[in-house]
Amino acid sequence: MIPEPRWGWLAVTALAGLFTVVSLVGGFVTLSITVRDGVGSPVSVLVSAAATTLFWGWMTGGAWRRAREPEPDPMEPAPVARRAAFAVANVILAVLVTAFVAVGQWADITEARERARTEVVRTRVEAAARDADLDANDVETLHDAWLTWLGKRSDGASAGADPTRAVFPDVGAEVIDFATSDGQAAILFRPTDGSPCVALDIDELGIISSRRVSRC
C-alpha cells in the first residue's frame with residue numbers, strides 16, 4: 001500500500017530541489033565566467049558549487065524520504081516530535097549559508113575583474129609616461145596646461161583638446177587630478193569603466209610607478 005504523502009515534507013522537497021538546481025546552474029555559470037575571463041579561482045568556484053549542490057541534494061533526498069515514509073507503527077515507541085518551527089529554522093539557516101557562499105563567490109569574481117581591468121590601465125599609463133620621459137617638472141607643466149583647459153571649458157570658450165590626451169592617448173582612463181611637491185608628482189586617472197582609479201607616481205629620482213586607488 002502506498003503511504004499517504006506528507007504535503008509539508010513534499011513542499012520542503014520541492015524547495016530543496018529548487019535550490020539544488022540553482023546551485024548546480026549557478027556553479028556552472030560562475031565557473032564559465034571565471035574560466036572565460038581568467039578571473040578568480042576556478043578550483044574555489046568548483047569546490048564551493050559542488051559542496052553547495054551536494055548539500056542541497058542531501059536535503060532533497062532526506063525530505064523526499066520523510067515525505068514518503070509510512071506512518072509509524074502505533075505499537076512502537078514514538079520518536080520525539082519536532083515542531084514545524086524547527087524544520088523551518090533549519091531551512092532558513094541553510095538558505096542563508098547558501099546565499100553567503102554565492103555572494104562571496106560573486107564578490108571574488110567582481111574583485112578579480114576590477115583588479116584585471118585596473119592592471120590594464122596601470123600598464124598603459126606607465127608605458128605612456130615612460131614613452132614621454134615624464135618627470136616632476138613635466139607633470140607640473142602639464143598640470144598648468146590642464147587647469148587652463150578646464151578653465152576655458154567651464155567658461156564656455158573654445159578649449160580645444162584635453163592636453164593630457166597628448167601624453168596619455170588611449171590608456172582607457174581620463175586624468176582627474178594632479179599633485180606635485182618637493183620634486184615628486186602624482187597624476188590620478190579614472191578608468192572609462194569607473195572606479196577603482198589609478199595613480200601614477202613619479203619620485204624625485206624620476207622613477208615611475210603606479211598604484212590602485214579605491215576612492216577617487
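The legends below describe close-up views of a predicted model. Local features need pLDDT of at least 70 and side-chain atom pairs count only at pLDDT 80 or more, while totals for chains, interfaces and linings use all residues. Residues are numbered from 1 along each chain as its sequence is written, and side-chain values use heavy atoms, with hydrogens and water left out.

**View 1. Aromatic rings around F55.** A search of the whole structure finds five aromatic pairs. One of them joins F55 and W56, with 5.4 Å centre to centre and 75 degrees between the planes, an edge-to-face arrangement. Rings of Phe, Tyr and Trp (its six-membered ring) pair if their centres lie within 6.5 Å; planes under 30 degrees apart are stacked, over 60 edge-to-face, and the rest tilted. The F55 and W58 rings have centres 6.2 Å apart and planes at 40 degrees, so this pair is tilted. F55 and W58 are three residues apart in helix α2 (residues 42–68), about one turn of the helix. Helices (H or I, at least four residues) and strands (E, at least two) are DSSP runs, numbered from the N terminus. Ring pairs link F19, F55, W56 and W58 into a cluster.

View 2. W56 is buried, at 0% relative accessible area. F55 is partly exposed at 32%, and W58 is exposed at 61%. Buried means under 20% relative accessible area, exposed over 50%, and partly exposed in between (1.4 Å probe, protein chains only).

View 3. The open sheet has the order β1-β2-β3-β4, with antiparallel pairing. Its edge strands, each pairing on one side only, are β1 (173–181) and β4 (208–213). The twist averages 20 degrees from one strand to the next. Helix α4 (residues 136–154) packs on the sheet and touches β1, β2 and β3; contact means heavy atoms within 4.5 Å. The direction of α4 makes about 120 degrees with that of β1. Axes are lines fitted to C-alpha atoms, for helices over the stretch in contact, and angles run from 0 to 180 degrees between N-to-C directions.

View 4. Strand β2 (residues 184–191) pairs with strand β3 (residues 197–202) in the antiparallel sense over five bridges; two strands pair if DSSP finds at least two bridges between them. A186 stands opposite D201 in β3. P196 lies in the loop between β2 and β3, and a cis peptide bond joins S195 to P196, with omega about 10 degrees.

**View 5. Two aspartates with positive phi.** D170, in the loop between α5 (163–167) and β1, has phi near 55 degrees, a positive value in a residue other than glycine. D170 is exposed, with a relative accessible area of 71%. D182 lies in the loop between β1 and β2, and its phi is near 50 degrees, again positive in a residue other than glycine. D182 is exposed at 72% relative accessible area.

**View 6. The second largest pocket.** Its volume is about 260 Å³. A pocket is an open set of points on a 1 Å grid over the protein atoms alone, where a 1.4 Å probe fits, with protein on both sides within 12 Å along at least five of seven lines; lining residues have an atom within 4 Å of a point. Grid points are joined across faces, edges and corners, and the volume is the space filled by probe spheres set on the points. Of the 15 lining residues, S23, G26, G27, T30 and A102 are the closest to the centre. The elements giving two or more residues to the lining are α1 (7–37), α2 and α3 (84–131); the largest share, six residues, comes from α1.
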